[in-house]
Amino acid sequence: MYFEAVLKNNGYTVIVAKNGEDALDVMDKEHIDLVVLDIMMPKMDGYEFTKTLRECDNNLPILMVSAKQLPIDKNKGFAVGTDDYMTKPVNQDEFLYRIKALLRRAKISKKQKILKNIRTALCLRGTIAEILRLVNLKKLQKHLKQFSI
C-alpha cells in the first residue's frame, strides 16, 4: 500500500490488484497506462504476468519492484519483458522519476491504444464478448474494418 499512497499523493490514479490474475481482469475493464508489480505475487508471479503480456504483444510499461536483488532475478525480469526493475527498499523520489520516465517513453496514439487493447483481449481471453466490454461497439466496428482483424 506504500506505493499506492506515494502515487496517489503525487496525482496518479491507482488501481490495485491482489495478484497477477486479478490484474489481467482489471486490464479487461480499465485503461491502464503503466504496471508496477512485485515478482512475488500469489496465483501468478510478476515474471509470469509480464511474460503473458509480452506474448500478446502488449507493450504496456512495466516496473518490477522486488526484494530480490540478485543479478539472476533482475536478468530474468528483463528477459521476460519488464521495462525497469527496482529493488527494495525503494527511494520515493527515484520511484517517481522512473514512473515519469516510463510514461514519457510510452506515449502512444489513442488509435494504437485501442487496437492494442483489442489484440491483447483476443490473445488473453480469446472472445469477442470480452472485447465488446472494452470499447464502444461503433468504435470497435470502425477499427475492425480499418485494421482487418
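Helices of at least four residues and strands of at least two are taken as DSSP runs, numbered from the N terminus. In this predicted model, helix 4, formed by residues 71-80, lies across strand 2 and strand 3. The direction of helix 4 is at about 155° to that of strand 3. Helix 5, residues 92-105, also packs on the sheet, where strand 1, strand 2 and strand 3 are touched. Its direction makes about 175° with that of strand 3.

The sheet itself is open and has 3 strands in the order 1-2-3, with parallel pairing. Strand 1 (35-37) and strand 3 (84-87) are at the edges; each has a single partner strand, so one side of each is without a neighbour in the sheet. On average, neighbouring strands are turned by 20° against each other, direction ignored. Strand 2, residues 62-66, runs parallel to strand 3 and is joined to strand 3 by 4 bridges. Across this pairing, leucine 63 is found opposite aspartate 84 of strand 3.

The count of aromatic pairs comes to 3. One of them joins tyrosine 2 and phenylalanine 3 in an edge-to-face arrangement, with 5.5 Å from centre to centre and 65° between the planes. Tyrosine 2 is partly exposed at 42% relative accessibility, and phenylalanine 3 is partly exposed at 21%. Tyr2 and Phe3 form one aromatic cluster together with Phe95.

Another pair consists of phenylalanine 78 and tyrosine 85, whose ring centres are 6.4 Å apart; the planes stand at 40°, so this pair is tilted. Phenylalanine 78 has a relative accessible area of 42% and is partly exposed, whereas tyrosine 85, at 6%, is buried.

Conventions
Residues are numbered from 1 along each chain as its sequence is written. This is a predicted model: local features need pLDDT of at least 70, side-chain atom pairs count only at pLDDT 80 or more; totals for chains, interfaces and linings use all residues. Side-chain values use heavy atoms; hydrogens and water are left out. Two strands pair if DSSP finds at least two bridges between them. Axes are lines fitted to C-alpha atoms, for helices over the stretch in contact, and angles run from 0 to 180 degrees between N-to-C directions. Contact means heavy atoms within 4.5 Å. Rings of Phe, Tyr and Trp (its six-membered ring) pair if their centres lie within 6.5 Å; planes under 30 degrees apart count as stacked, over 60 as edge-to-face and the rest as tilted. Buried means under 20% relative accessible area, exposed over 50%, partly exposed in between (1.4 Å probe, protein chains only).
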